[in-house]
Amino acid sequence: MTPLDPRLLRYARSARGYLALTVGLGVLTAGLVVAQALLLAHALGRAAHDGATLASLAPTIGWLAAVVVGRASLVAVQERFAHRAATRAVGELRAGVVGHAVALGPRWLATGRGPEVVTLATRGLDALEPYFVRYLPQLVLSATVTPATILVVLGLDWVSAAIVVGTLPLIPVFMVLIGRMTEGSSERGLRAMSRLGSQVLDLLAGLPTLRAFGRESGPAARVRALGDAHRRATMGTLRIAFLSGMVLELLTTLSVALVAVSIGLRLVGGDLSLETGLAVLVLAPEVYWPLRQVGAQFHASTDGVAAAQAAFAVLEAPVPATGTVPCPDLRDATLRLSGVTVRSSGGRTPDGLDLTLSPGHVTALVGPSGAGKTTTVEVLLGLLRPDEGAASLSVPGAEPVAVADLDPATYWPQVAWLPQRPVLEPGPLRTLVGGASDDERAAAAVRTGLDAVVAGLPDGWDTELGAGGAGLSVGQRQRVALTRALLSPAPLVVLDEPTAHLDAAGERVVLATVDAMRAAGRTVLLVAHRPSLVATADTVVTVAPPACGPEPVAAVPARGAR
Amino acid sequence: MTDAAAAPVTAPAPDERPPRGTLRRAVRMLGLDRRRVLLAVLTGTLALGCGVALAAVSAWLITRASQMPPVLQLSIATVAVRTFGIGRGVLRYLDRLVSHDVALRGMTNLRTTLYGRLAAGRSEATLRVRRGDLLARVGADVDAVGDVVVRGLLPAGVALLLGAGTVAAMAFFWPPAAAALAACLVLAGVGAPLLAARGARIAERRAASARADASAAALTALDDAGPLLVAGGVERRLRELRDADRRLARAVDSGAATSALAAGIGILATGLAATAALVTGIPAVRSGALAPVDLAVVVLTPLAAFEATGMLPAAAVAVQRSRAAAARILALLDSADAPAPVASVAPEGAAPAPVAATSEALAAAAAAGIDDAGIQARALACGWPGLSPVLRDVDLDVVPGRSVAVVGPSGAGKTTLLLTLAGLLPPAGGTLLLGGVEPAHLSPADRAGRVVVTTEDAHVFGTTVLENLRVARGDVTPEEAVAALAAAGLDGWLTALPDGLDTLLGPDARTVSGGERRRLLLARALLAPAPLLLVDEPAEHLDPDTADALVTSLLAGPAAPDGGRRGVVVVTHRLTPLAAADEVLWVESGRIVARGTHAELSAGLLDYREAVRRERVTADQRERA
């Protein structure tokens, strides 16, 4: 990206104030840098050349001290607000990215972007801190201090200014040249580096396994050999990577040296006063200082810049429009999929699926993993529009409505969905499970076997659960989620592999729960692996794997209507 | 992913300060080569020294030139100025190479040490660290310790040497200015880094929990986007995220004032040193104690002398962050080296088993007439050291040719039982003999020669299929490998692989499915030379028929390399195939609640019968369908 992407200011509002502050401080710093050089040169020149007394120079030295304190204060103020701005901007971007990614929906997250967004939201964006704290201020200084000092040098001594202005463009030219020359080899080096590095980690990660086979002593030599190879590869890359740093240093120090020599030679000729010479000498390194810092901080900032780019890419992905049709009461509504196909990386999953869900009826969705069972659920819930076919909802005496056109705010509250990994909010178990009264809750808990779990908890129903249900085993969490689904008055119930992580007794509990839901006239969809669960359904619908021929779908009544 | 009740991790909590000397211990483990370190400090000092010399000589050159001497007198200075100008860049390049080389060598040493000590230490130390944590410690944490060298140790050495050199050179011209410079260098090189580290520590301590909360909220929102949207929990997660980020900002703010002070001090010290040189130098010029040319040198040199100290505050912050990484590495090593907390074994104390005792113990066992190939457990308690046992009172004999199945609800301690029986966890009580010898008295090779365990989280290495199987035994031939894969039901999978046995598996086998991975691990176990195999859920993620066939053939006792039948202990959740087992253990609530043959348990145990019936009924149902 450009050194300062305007989108950063658009998406992270707190960056605006900070940038303004940084620019303000940058302008002040430029003034103080020039003042310090002139005051120092004046005091030194008068003392060394004219033998001025301390008393006569006292005001100059006083001002010099004040300028020094001023510069130190500016740096302190910059530092004071840089970290705050970085944290706030990262927070804003993080909330924006997470909110937008969730709005884009689970399907968007599932199509390969998910892990990237997770990395971005947990660690990636933190890399913006060095960008804000170190890189950005130097970037601003190179736009204020560098031109200001060049102008002052020009006013004092045009020859020195010519040397400086002459060398300045060489810096980017050489940097680009070296970058071009080394591009290929350093990429090769980086690949070798990361491969060797991951091989060492692989050996260490497998250590428990090697121990189980009594073969742990052999690979020690290999760890060292891989480490040495990794070092050689890394050094090869660094030898090239550091070249650009060397050119930068060489150009800047050499041009300062040239300025010094040229001033010296002209002083001998009497073409220049000592005071002017000293001022230029002090100013010359200041011209290059911000540029050198930008170069030095560039690598530290690239991760952050890349993270910001990735964040903008997420934030600019268009969110599909949500439906607006108010959802009818699902208690007497029929959901119908006809010829539904969703294209994914795994092929057509599902492929031309027909399915009907009606109240008081239990339907099981079976099929091997990867065939599109969960995708089917997402289509039914309106989280995803099918690529072909239609998902519609009909009530007697009304036109069918496409599920995707339903207003989620009126549809989703009528749905109880138990996903494969139940989502449990932190808080007391009582609130989490829900239910109108203690009696109702207790009765539901007996059905799902949660009563035994509650009896074993120190505070019973008042037990505080951590995020994600921390403190409970996976099976216990499943029971909590089941009880909640049972107590929920929602007419449409979707249970995705509710017997996963459960033993035989737990499985019985789930079957009893499903029977209770059917008896209550609710519409139940089961995504099932285990045959016992399939057996309890009124209708079994098979989602065939993508490779299984042209007629992939069969809807078979399992044991007739009950 | 991370929902399993994780074994307690031994790293200190983030708000706890690691003990003093942590970093020193970790850095010592890098085994740095003294000569290389010296070389790095020297080149670094010379590089920055060129910068200081450039400033000093230019100041001299200009002031002397203003006195209009013959040009020849200036020629040495003009050459020196250009030389220093070139020297700085070149030496700095060399310095960066040398110092990175030193650090990388150290990191290789540390990783090798880490591997060696974990391999030789107590096995549960590596077992109880989550895989991701282990990777983070040998990866990022070792990098962080190496970083201490490049960003902390060497720059500090350079700053010290350069500071001392500059002050000494200045003292040659004008001692009072040298004294002021020394004081300012200490202020910038010691005071500022201390303050910077303090500011970072304050912020970090308060920020750690907020940072973790922000990550957790973001993670839940993204992982469970669909369910949250439907259940209406998205707003709440986003609110939590914003709250956590606000707390993070406040925490960062709390350390900002200290950091700001540290940053200001560096600039202040530079200006003060120059001003002090002016104030002390001007009267000295008047009185003739200091030449006017030298005044320029002592006033302008300090402006270049603070480059080395200027890097130190950032270095101090980096070192501060590395300290936590060092503490995590040391905690892992200490847990591997520590003596076993349960001293149920050797009467001479809890010292790690001397391998030399093996032959003695073996002889004693042979004399007592104990079968040298079996597992014998009496009143065995199984559990992780430091936690209460999850399973007690296990009496079990496994000999070659005998098959035992372990079933029961999840979380009953079945995997812990396998690890204990394999001698990888010390018994939490009771006695365990492997071939008549307590496992603590066996060398790892001897132990693995008797019994081999395959847990569900066993590692699949990022190498070929064949090399992955050779983990069991180094001399596995391709024919043996094909046979073992076929025995594990993977013959179809193997023929579909692009390069057969030479196909590369991805890092941690993300390219193979869950069911394939389990069977690959089983094939590996089948190739081990041990007469006893302990296998954890080999049939998970498989359809019922395949699963049952696999468990049945495993319980039939695979052939051992010497031709006899092996003894097996299989943990499984499928009951139908257990007719093939000699004995079935039903484990629940921390004990063996029932044991016997499949027929006996079906007849006597209601729960068991019911579970078997259900598996059958549903299988029939499926066939009819």
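User: How many residues from chain B and from chain A does the contact take?

Analyst: In this predicted model, 128 residues come from chain B and 117 residues from chain A. Residues are in contact because their C-beta atoms, placed from the backbone, lie within 7 Å.

User: Which helix gives the largest share of the side of chain B that touches chain A?

Analyst: Helix α8 of chain B, residues 234-287. This helix supplies 28 residues.

User: What makes up that side of chain B by class?

Analyst: It has 79 nonpolar residues, 30 polar and 19 charged.

User: Why is the crossing of α3(A) and α10(A) called left-handed?

Analyst: The near helix is turned anticlockwise from the far one by less than a right angle, so the crossing counts as left-handed. The angle here is about 40°, and the axes lie 9 Å apart. α3(A) therefore passes α10(A) in a left-handed crossing.

User: Which residues make the contact of α3(A) with α10(A)?

Analyst: α3(A) brings A:Leu93, A:Gly96, A:Val97, A:His100 and A:Ala101. From α10(A) come A:Ala311, A:Val314 and A:Leu315. Six are nonpolar, two polar and none charged.

User: What makes a residue of chain B count as buried, and what percentage does?

Analyst: A residue is buried if 20 or more other C-beta atoms lie within 10 Å of its own. Of the 625 residues of chain B, 53% count as buried.

User: How is chain B divided, and how far apart are the C-alpha centres of its domains?

Analyst: Domain 1 covers 22-337 and domain 2 covers 357-624. Their C-alpha centres lie 53 Å apart.

Conventions
Residues are numbered from 1 along each chain as its sequence is written. Chains are lettered from A and ligands numbered from 1 in the order in which they are written. This is a predicted model: local features need pLDDT of at least 70, side-chain atom pairs count only at pLDDT 80 or more; totals for chains, interfaces and linings use all residues. Domain bounds come from an automatic or database domain assignment. Two residues are in contact if their C-beta atoms, placed from the backbone, lie within 7 Å. Helices (H or I, at least four residues) and strands (E, at least two) are DSSP runs, numbered from the N terminus. Ala, Val, Leu, Ile, Met, Phe, Trp, Tyr, Cys and Pro count as nonpolar, Asp, Glu, Lys and Arg as charged, and the others, Gly among them, as polar. Axes are lines fitted to C-alpha atoms, for helices over the stretch in contact, and angles run from 0 to 180 degrees between N-to-C directions. A residue is buried if 20 or more other C-beta atoms lie within 10 Å of its own, exposed if 12 or fewer, and partly exposed in between; C-beta atoms are placed from the backbone.
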